[in-house]
Amino acid sequence: MKSFTLSLLALALSTSVAQAQQLTPTQDQALQELNTLLKEHPQIIESVNASLKNYVEAQRAQLEARTAHHDWLYNNPAHPVLGDPNAEHKIVVFTDYNCPYCKKLDPELTELLEDYPNLQVVNVFVPIRQEKVSGLDTSSALYAINLWQQKPEHFMSVHALLTAKSGMHTAKSLQQIARKTKTQDYLMAQPSSEDVVQQNVEAFRALGYRGTPTIMIGNQVIPGFVKAGQLKDVIAQELRL
C-alpha cells in the first residue's frame with residue numbers, strides 16, 4: 001500500500017504544479033498505471049484519496065507561506081548575509097549556532113561563495129534549541145543579530161567564533177567570544193533582535209520546516225547538511241549559475 005501511495009503522491013506533485021496544463025506522456029502513462037492499480041486494489045482508494053488531498057493541501061499552504069514570507073526572508077536587512085551584499089541571486093539558510101550540522105555546513109557555504117562570487121547566502125537564525133542561555137539574558141542568535149544591526153564590521157569575526165564552538169553555547173562561551181572581539185556591549189538582548197528571531201521562527205514553522213539547517217534554493221528545499229558539490233548541482237538547476 002505504501003508504494004501505491006507514494007506513486008500517487010509523486011503524480012499529484014507533478015500535476016498539481018501544472019494544474020490545468022496538459023499531462024506529459026510520462027504522466028499520462030503513470031496515471032493509467034495508477035488507475036489500473038486502484039481498480040485491482042479498491043480497498044486502498046479511500047486512504048489514498050485522503051492522503052492525496054492532505055498532500056495537495058500541504059503543498060498549497062506551503063506555497064502561500066513562501067509568498068507571505070518571501071520579502072521577510074529575501075529582502076530584509078535584518079538578516080546577516082555572506083557573499084556579495086548586492087547579489088541578484090540569493091539562497092536562504094535557516095540556521096542555529098547551537099546546531100552541529102549548521103556549524104558543519106558553514107565551511108561548505110564558504111566554498112560555495114568562492115565558486116559563485118555573485119551569490120549571496122542569507123542567514124535566518126532560528127535558535128530552536130536554546131531561546132536564552134542560562135545566566136545571561138541573550139542567546140548566540142540575538143548576539144549575532146545585535147552585531148549585524150549595530151556593529152556589522154565585527155560580525156564575521158564573531159560569526160566564525162560562534163560557529164567554531166563545539167556543543168551548545170553557554171554564558172561563559174558567549175562572554176569569552178565577546179571579550180576576545182571587544183563586543184561585550186552587544187551581549188544584552190535588544191527588542192529589535194528579539195522581534196527578528198520571533199518572526200524568523202514564525203516563518204520557519206509556517207513553511208513546515210522541522211530542523212536546521214534548512215536551505216532554500218529557488219523552488220527547492222534541502223533539509224539537513226549537504227556538501228558544497230550537491231549545492232552547486234541544485235544552484236545550476238534552480239538559479240542557472
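## A salt bridge at Lys151

Lys151 counts as partly exposed, because its relative accessibility is 29%. Its salt-bridge partner is Glu153, with the closest N and O atoms 3.7 Å apart. Glu153 is exposed, as its relative accessible area is 56%.

## Confidence in the model

This is a predicted model. The mean pLDDT of the protein is 89. Of its residues, 91% reach 70 or more. Strand β4 (residues 214–217) has the highest confidence, at a mean of 98. Helix α1 (residues 2–18) has the lowest, at 46.

Where pLDDT is low, the predicted coordinates should not be read in detail.

## Helix α4

Helix α4 covers residues 100–115, which makes 16 residues. At 1.5 Å a residue, α4 should span 22 Å; its end C-alpha atoms are 24 Å apart, which agrees. A kink of about 25° lies at Asp106.

Several residues of α4 are buried, among them Leu105, Asp106, Leu109, Leu112 and Leu113. The buried residues of α4 pack against strands β1 (81–83), β2 (89–95), β3 (119–125) and β4. They also pack against helices α6 (155–164) and α9 (228–238).

## Two cysteines, no disulfide

The whole structure has zero disulfides. Cys99 is in none, and the nearest cysteine sulfur, that of Cys102, is 3.0 Å away. That distance is too far for a bond, since a disulfide needs sulfur atoms within 2.5 Å.

Cys99 counts as buried at 3% relative accessibility. Cys102 is buried too, with a relative accessible area of 6%.

Glu64 and Arg60 are four residues apart in helix α3 (residues 45–74), so about one helical turn separates them. Glu64 is partly exposed, with a relative accessible area of 44%. Arg60 is partly exposed at 37%.

Another salt bridge pairs Lys232 with Asp115, their closest N and O atoms 2.3 Å apart. Lys232 lies in helix α9 and Asp115 in helix α4, so the pair ties together parts that are 117 residues apart in sequence. Lys232 is partly exposed at 21%, and Asp115 is partly exposed at 41%. Glu111 joins Asp115 and Lys232 in a network of salt bridges.

Note on methods. Residues numbered from 1 in each chain as written. Predicted model: local features only at pLDDT ≥ 70, side-chain atom pairs only at ≥ 80, totals over all residues. Heavy atoms only, no water. pLDDT = per-residue confidence, 0-100. Helix = DSSP H or I, 4+ residues; strand = E, 2+ residues; numbered from the N terminus. Expected span 1.5 Å × (residues − 1). Bend = angle between axes of the 7 residues up to and from the residue. Buried < 20%, exposed > 50% of the residue type's maximum accessible area, 1.4 Å probe, protein only. Contact = heavy atoms within 4.5 Å. Salt bridge = Lys/Arg side-chain N within 4 Å of Asp/Glu carboxyl O.
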